[in-house]
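I wanted to go through this model with a notebook open and write down what I looked up.

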Amino acid sequence: MLAAYAERIDPDDPLSALAVGEQPEPEVPDGWAVVDVAAASVNHHDLWSLRGVGLSADALPMILGCDAAGTDADGRRVVVHAVLGDPAVGHGDETLDPRRSLLSERYPGTLAQRVAVPARNLVPLPDGIDFDAAACLPTAWLTAYRMLTSRGRLPDGGAVLVQGAGGGVASAAVVLAQALGARVYATSRDAAKRDRVAELGATAVEPGAKLPERVDVVIETVGEATFEHSLKCAKPGGRIVVAGATSGHLPAVDLRRVFFLQLEIVGATMGTRDELAALVDLCVAKNLRPVVDSTYPLADAATAFARLAEGTTFGKLVLHP
């Protein structure tokens, strides 16, 4: 079957480690199911995998990708949950299982014509959501949903700051926060992206700008470049929820601000299968759809990866096997 995969690991030139070609059909252990992939989306996780973060050389070649939607063996429309973990070990939350992994780390990922996953990881997909939209949900949108809800505890009528709007998680957070009733502020260095995020309904501001109010929740995926601003923008008792560090992972933190204002710095990684199902329900109820930057045939995955690496996207990149 056709697949996009890590042929080798290259920390300095990750795009050169990507290959597109034939790979073996997925193995199907007991309790697993095969999905015919109709659409899959690309994430920064895939670029990090090519650099060797979370992917060891002895696992190569490894089919990349965490996100997919398609049909199962019975023809049912499904979206794939990418977290492979035991909810019982994580006290009901498979993301807290210390042995958990994501598709494309230990097991082949979704950037292929077919993918095998535990049957539990299949979430029914209503007819009203197309495959392209569904393929954007399991990583970026699920992470944003978890950041706002179970980790961020966004209150009714609250306020949210989204740093670095334009990326998959950030653009998802803008849409979801408004659907949850929040006032949303969003930053971007790019004027065109600020215009786009304003079209989504957020108040767009330049990085580091003073907001009209302090916020309940900060969605932080940028890291060093924005973290001081994130701390300054959080109201007393507010939460800075971190799910990435694209500009660097070692920001300076003024601990006086943290303890005096009783701020919480909270981590978030993906979400549970039940949270994905709840996200799908919310998308149906509120008629929400992910922002898709562009689509490509799987055979042209290298172009999509290059565009992601440039940092010029607004929304998600979708591949069609």
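My entries follow, sorted by topic.

**Ground rules**

I am working from a predicted model, where local features need pLDDT of at least 70 and side-chain atom pairs count only at pLDDT 80 or more, while totals for chains, interfaces and linings use all residues. Residues are numbered from 1 along each chain as its sequence is written, and side-chain values use heavy atoms, with hydrogens and water left out.

I checked omega and found a cis peptide bond joining Leu 60 and Pro 61, at about -10°. Pro 61 sits in the loop between α1 (44-51) and β4 (62-63); helices (H or I, at least four residues) and strands (E, at least two) are DSSP runs, numbered from the N terminus.

Ser 104 has one, near 85°, in the loop between β8 (101-102) and β9 (114-118). Asn 287 has another, about 55°, in the loop between α8 (273-286) and β17 (292-297). Buried or exposed, I asked of Ser 104? It is buried, at 0% relative accessible area, whereas Asn 287 counts as exposed at 59%. My cut-offs: buried is under 20% relative accessible area, exposed is over 50%, and partly exposed lies in between (1.4 Å probe, protein chains only).

**Helix α4**

I tested the length of α4 (residues 168-179). Its 12 residues should span 16 Å at 1.5 Å a residue, and the end C-alpha atoms are 17 Å apart, which agrees; the expected span is 1.5 Å times one less than the number of residues. Of those 12 residues, 11 are buried, so α4 is largely enclosed by the rest of the structure. Gly 181 follows α4, with a positive phi near 95°.

**Cores**

Which residues touch the most other members of the largest nonpolar core? I got Trp 141, Val 160, Val 162, Leu 176, Ile 219, Leu 279 and Leu 288, in a core of 46 residues. α4 gives the most to this core, with 9 residues. A core here is a set of buried Ala, Val, Leu, Ile, Met, Phe, Trp, Tyr and Cys residues joined through side-chain atoms within 4.5 Å. I also noted a second, separate core of 36 residues, including Cys 66, Leu 103, Leu 111 and Ala 301.

Leaving out residues up to four places away in sequence, Ile 219 touches Met 147, Leu 148, Val 160, Leu 161, Val 162, Gln 163, Ala 173 and Val 241.

**Salt bridges**

My search of the whole structure gave 17 salt bridges, each a side-chain nitrogen of Lys or Arg within 4 Å of a carboxyl oxygen of Asp or Glu. Asp 127 and Arg 77 pair at 3.9 Å, N to O. They link distant parts of the chain, 50 residues apart, with Arg 77 in strand β6 (residues 77-80). Asp 127 is exposed, at 68%.

Arg 183 and Glu 213 meet at 2.8 Å, N to O. That pair is 30 residues apart, and Arg 183 lies in strand β12. Both ends are partly exposed: Arg 183 at 39%, Glu 213 at 23%.

Asp 254 bridges to Arg 256, with the closest N and O atoms 3.0 Å apart. Here Asp 254 is partly exposed, at 31%, and Arg 256 is exposed, at 59%.

Methods
Contact means heavy atoms within 4.5 Å.
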